[in-house]
Amino acid sequence: MKSLEELKAIRDKMRGQIDIREEDSDAMRVVVGMATCGIAAGARPVLRAFSDIVQERELKNVAVVQTGCIGLCQYEPIVEIYESNGKKTTYIKVKPEMVEEIVDQHVVKGNPVTKYTIEASKLG
């Protein structure tokens, strides 16, 4: 059994993750495809990486959420970022080690990391 302090720490961490997932109309949404194909391709650690980094950096206008099938199984894990202005960027074959760069460049600075996008895959 865990100590009371450990349980409180787990509770506080989970509360932070719940706050991240609550959607706000002005928030940027990070949507991770978590259908069977996404999970099989490694989406769970990607979702966890986004949730952890957004929570660690206390990014208040960012909602990290999961969705079902996006319909592009060959590109899983897929992450779609919806900006508050309605613009959508689709990242493909996302790995946890790519998450920090995507958060730094796109979520924080507003510059999509085009080398990881579906559009880049069509060019070359």
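Residues are numbered from 1 along each chain as its sequence is written, and side-chain values use heavy atoms, with hydrogens and water left out. Because the model is predicted, local features need pLDDT of at least 70 and side-chain atom pairs count only at pLDDT 80 or more, while totals for chains, interfaces and linings use all residues.

**Sheet**

Four strands form an open sheet in the order β2-β1-β3-β4, and the pairing is mixed. Strands (E, at least two residues) and helices (H or I, at least four) are DSSP runs, numbered from the N terminus. Two strands pair if DSSP finds at least two bridges between them. β2 (62-67) and β4 (88-91) are the edge strands; each has a single partner, so one side of each lacks a neighbour in the sheet. From one strand to the next, the twist averages 20 degrees.

β3 (residues 79-82) and β4 run antiparallel and are joined by four bridges. Tyr82 has Lys88 of β4 as its bridge partner. Five residues lie between the strands of this hairpin, and Gly86 takes a positive phi there.

**Helix packing**

Helix α3 (residues 43-56) lies across β1 (28-33), β2 and β3, and runs at about 165 degrees to β2. Axes are lines fitted to C-alpha atoms, for helices over the stretch in contact, and angles run from 0 to 180 degrees between N-to-C directions.

How do the axes of α3 and α4 cross? They come within 9 Å and cross at roughly 35 degrees. The crossing of α3 past α4 is right-handed, meaning that the near helix is turned clockwise from the far one by less than a right angle. On the α3 side, the contact (heavy atoms within 4.5 Å) uses Pro45, Val46, Ala49, Phe50 and Ile53. On the α4 side, Pro96, Val99, Glu100, Ile102 and Val103 take part. Nine of these residues are nonpolar, none is polar and one is charged. Here Ala, Val, Leu, Ile, Met, Phe, Trp, Tyr, Cys and Pro count as nonpolar, Asp, Glu, Lys and Arg as charged, and the others, Gly among them, as polar.

**Core**

The largest nonpolar core has 24 residues. Such a core is a set of buried Ala, Val, Leu, Ile, Met, Phe, Trp, Tyr and Cys residues joined through side-chain atoms within 4.5 Å. Val30, Phe50, Val79, Ile81, Tyr91, Val99 and Ile102 touch the most other members. β1, α3, β2, β3 and α4 each give two or more residues. The largest share, seven residues, comes from α3.

Phe50 also belongs to the α3 contact with α4. Beyond its neighbours within four places in sequence, Phe50 is in contact with Val30, Val32, Val64, Val79, Val99, Ile102 and Val103.

**Backbone sites**

The peptide bond from Glu76 to Pro77 is cis, with omega near -10 degrees. Pro77 sits in the loop between β2 and β3.

| Residue | Location | Phi |
|---|---|---|
| Lys93 | loop between β4 and α4 (96-108) | about 50 degrees |
| Gly86 | hairpin of β3 and β4 | near 95 degrees |

Glu58 counts as exposed, at 57% relative accessibility, whereas Lys93 is partly exposed, at 44%. Buried means under 20% relative accessible area, exposed over 50%, and partly exposed in between (1.4 Å probe, protein chains only).
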